[in-house]
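Hi there,

Here is the structure I promised to pass on to you.

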Amino acid sequence: MATMAECRSALRRLSDNLAAAEGDVRGTAALDRSLSCHIKDLDITFTGRLADGRILVRDTVEGPPREKAEIRLAMTGDDLVALVDGDLNFAKAWGSGRVRLEAGFRDLLKLRSLL
């Protein structure tokens with residue numbers, strides 16, 4: 001089971017990957033939205049923003065997110081690490097229910113380029 005530090009590191013690497021992206025992915029990553037990532041097996045939530053092509057983690061809280069972020073993710077810590085490492089396909093994980101992504105319809109359309 002991935003630790004909280006490993007999950008935070010994975011989010012940092014994901015942020016770095018988004019910042020280095022080009023084309024459509026870069027445009028999508030440039031959204032300015034509140035973001036939460038609930039790590040189900042650790043029962044913690046990282047909260048912050050997707051802004052300027054980066055994920056800015058501002059807080060870590062116990063349990064599910066206290067406020068409804070504009071983009072909401074939920075998964076296990078192992079799945080987060082596997083996604084960022086390229087060992088788990090996001091679209092397949094989302095389709096099978098291993099990863100939950102919730103956002104407004106327009107944001108989901110934009111986020112599909114990240115999948």
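First, the ground rules. This is a predicted model, in which local features need pLDDT of at least 70 and side-chain atom pairs count only at pLDDT 80 or more, while totals for chains, interfaces and linings use all residues. Residues are numbered from 1 along each chain as its sequence is written, and side-chain values use heavy atoms, with hydrogens and water left out.

The UniProt record, an unreviewed entry, places "domain: SCP2" at residues 30–102; its positions are in the numbering used here, feature names are shortened, and annotations may be inferred rather than shown by experiment. That span is 22% helix and 44% strand, and its end C-alpha atoms lie 18 Å apart. Helices (H or I, at least four residues) and strands (E, at least two) are DSSP runs, numbered from the N terminus.

On a 1 Å grid over the protein atoms alone, a cavity is a set of points where a 1.4 Å probe fits but cannot get out; a pocket is an open set with protein on both sides within 12 Å along at least five of seven lines; and lining residues have an atom within 4 Å of a point. Grid points are joined across faces, edges and corners, and a volume is the space filled by probe spheres set on the points.

There is one cavity of 30 Å³ or more, and the largest cavity holds about 50 Å³. Its lining consists of L11, L35, C37, F46, T47, G48, I55, L56, V57 and L73. At least two lining residues come from each of strand 1 (33–39), strand 2 (44–51) and strand 3 (54–62). Eight of the lining residues are nonpolar, two are polar and none is charged. Here Ala, Val, Leu, Ile, Met, Phe, Trp, Tyr, Cys and Pro count as nonpolar, Asp, Glu, Lys and Arg as charged, and the others, Gly among them, as polar.

The second largest pocket has a volume of about 160 Å³. Strands 1, 2 and 3 are the elements giving two or more residues to its lining, with the largest share, three residues, coming from strand 1. By class, this lining has four nonpolar, four polar and three charged residues, among them R66 and E67.

T45 in strand 2 is worth a click. It is buried, at 0% relative accessible area (buried is under 20%, exposed over 50%, partly exposed in between; 1.4 Å probe, protein chains only). The T45 side chain reaches the backbone oxygen of G63 at 2.6 Å. Leaving aside neighbours within four places in sequence, T45 has contacts (heavy atoms within 4.5 Å) that include S36, D59 and P64. P64 itself sits in the loop between strand 3 and strand 4 (71–75).

Two non-glycine residues have a positive phi: D43, at about 50°, and D52, at about 55°. D43 is in the loop between strand 1 and strand 2 and is partly exposed at 38%. D52 is in the loop between strand 2 and strand 3 and is exposed at 70%.

Finally, helix 3 (residues 77–85) is mostly covered, with seven of its nine residues buried. Those buried residues pack against helix 1 (4–20), strand 1, strand 4 and helix 4 (90–96). Just after helix 3, G86 takes a positive phi of about 85°.

Best wishes

Note on methods
Polar contact = N/O pair within 3.5 Å; in protein donor to acceptor, adjacent residues only side chain to side chain.
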